[in-house]
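Colleague: I have a few minutes to go through this one with you. Can you put it up?

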Amino acid sequence: MVILRDADRELERDRPTGADFSHTSLEKWQQLQAKSRDLIQRRDQRIRGLAAVVLTPPQFAALDARIRRERGHDELSWIARQIVPAGESGVARGAPGSSGPFLAGVNDDRLLADPEYRRAWQRQARLEVESTYVDAPRLLNLSSGLTEQFHSLLVDQQLVRLENPARTSGAWNDTLRREERELAALLGERGFAQFRELRDTYGARFQVKHLQVEIGAGPDSMQVNQLEALIAVLHNANQKRWSGARIRESAAAFLTPPQLTALDGWLQRNPR
């Protein structure tokens, strides 16, 4: 999307570089960090403002969720920089602006012992779950209350995995079976079967979401039935290693000529 490209170029032009941060005082480091955050916030506001004009509400919601996930990851990285080991398994806070040995997403099992990081992690995990399973309420026919429980359960399961890591293949299999029992108890047998199908097609859904954003709003935007049909085609293509030509042939049965043109461009940029 041109809007994203232009905003990213402007950000890279104006934001402080690694060289600016190196060998500087703590006060200067904090000023540069504040400038970076301000520039990123302005970038996000510009993208949202321009995108709201050209995207449909569902497309804008997907873009907005992506931006919020990116900022959530930035927050986790910022907090992790200030956390240092304390004893064999504890953590403590280092000096502001220091660079601790922990990395967000890599050392979460240790970082979660820090209360601020834990709260930020839970917010970020919730955003990731809602984005990954954005189609779940519609496809599984979930009420708002059940959707809330579904998202919360998935986040809680991730947290348990991190705080109680499986050390053997047997323990890992036990974890998977327990999680499936919990989901089946919440969703029911039919709902759980639909969830597994949704989970299995996630890769194809992610690809179609990207294509949907590229097409944008207007008369050529894809309808729900077209989206689901294309997801099924790409899922088969991913499993059976179909060529781009085979994908196009299958999609031609339900996509309009302008939509097929957009698919052709996407296939050229993502060769099979």
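Predicted model: local features only at pLDDT ≥ 70, side-chain atom pairs only at ≥ 80, totals over all residues.

Colleague: How many helices and strands does the protein have?

Modeller: There are 13 helices and two strands, taken as DSSP runs (H or I of at least four residues for helices, E of at least two for strands) and numbered from the N terminus. The C-alpha atoms fill a box of roughly 60 × 50 × 35 Å along the principal axes.

Colleague: What share of the residues is buried?

Modeller: Of the 272 residues, 36% are buried. Buried means under 20% relative accessible area, exposed over 50%, and partly exposed in between, with a 1.4 Å probe and protein chains only.

Colleague: And which residues have the most contacts inside the largest nonpolar core?

Modeller: Ile-83, Tyr-117, Trp-121, Tyr-133, Phe-150, Leu-183 and Phe-195, in a core of 28 residues. A nonpolar core here is a set of buried Ala, Val, Leu, Ile, Met, Phe, Trp, Tyr and Cys residues joined through side-chain atoms within 4.5 Å. H4 (57-81), H6 (115-132), H8 (144-163) and H9 (169-200) each supply at least two residues of this core. There is also a second, separate core of 19 residues, which includes Leu-234, Trp-242, Leu-255 and Leu-260.

Colleague: Back to Tyr-133. What is Tyr-133 in contact with, leaving aside neighbours within four places in sequence?

Modeller: Phe-150, His-151, Leu-154, Phe-195, Leu-198 and Arg-199. Contact means heavy atoms within 4.5 Å.

Colleague: Which residues of H8 are buried?

Modeller: Thr-147, Phe-150, His-151, Leu-153, Leu-154, Val-155, Gln-157 and Leu-159. The buried residues of H8 pack against H6, H7 (136-139) and H9.

Colleague: What span should H8 have, and how far apart are its ends?

Modeller: At 1.5 Å a residue, the 20 residues of H8 should span 28 Å, and the end C-alpha atoms are 29 Å apart, which agrees. The expected span is 1.5 Å times one less than the number of residues.

Colleague: Different topic. Is Asp-114 buried or exposed?

Modeller: Asp-114 is buried, with a relative accessible area of 8%. Asp-114 is found in the loop between H5 (108-111) and H6. Leaving aside neighbours within four places in sequence, Asp-114 is in contact with Ile-79, Ile-83, Val-91 and Arg-93. Ile-83 is also among the residues with the most contacts inside the largest core.

Colleague: What about Asn-141, buried or exposed?

Modeller: Asn-141 is exposed, at 69% relative accessible area. Its place is in the loop between H7 and H8, and its phi is near 55°, a positive value in a residue other than glycine.

Colleague: And where is Arg-241?

Modeller: Arg-241 is in the loop between H11 (224-240) and H12 (244-251). Arg-241 has a positive phi of about 60° although it is not a glycine, and it is exposed, with a relative accessible area of 76%.

Colleague: Last one. What is Ala-184 in contact with, again leaving aside neighbours within four places in sequence?

Modeller: Glu-189 and Phe-192. Ala-184 lies in H9 and is partly exposed, with a relative accessible area of 26%.

Methods: Residues numbered from 1 in each chain as written. Heavy atoms only, no water.
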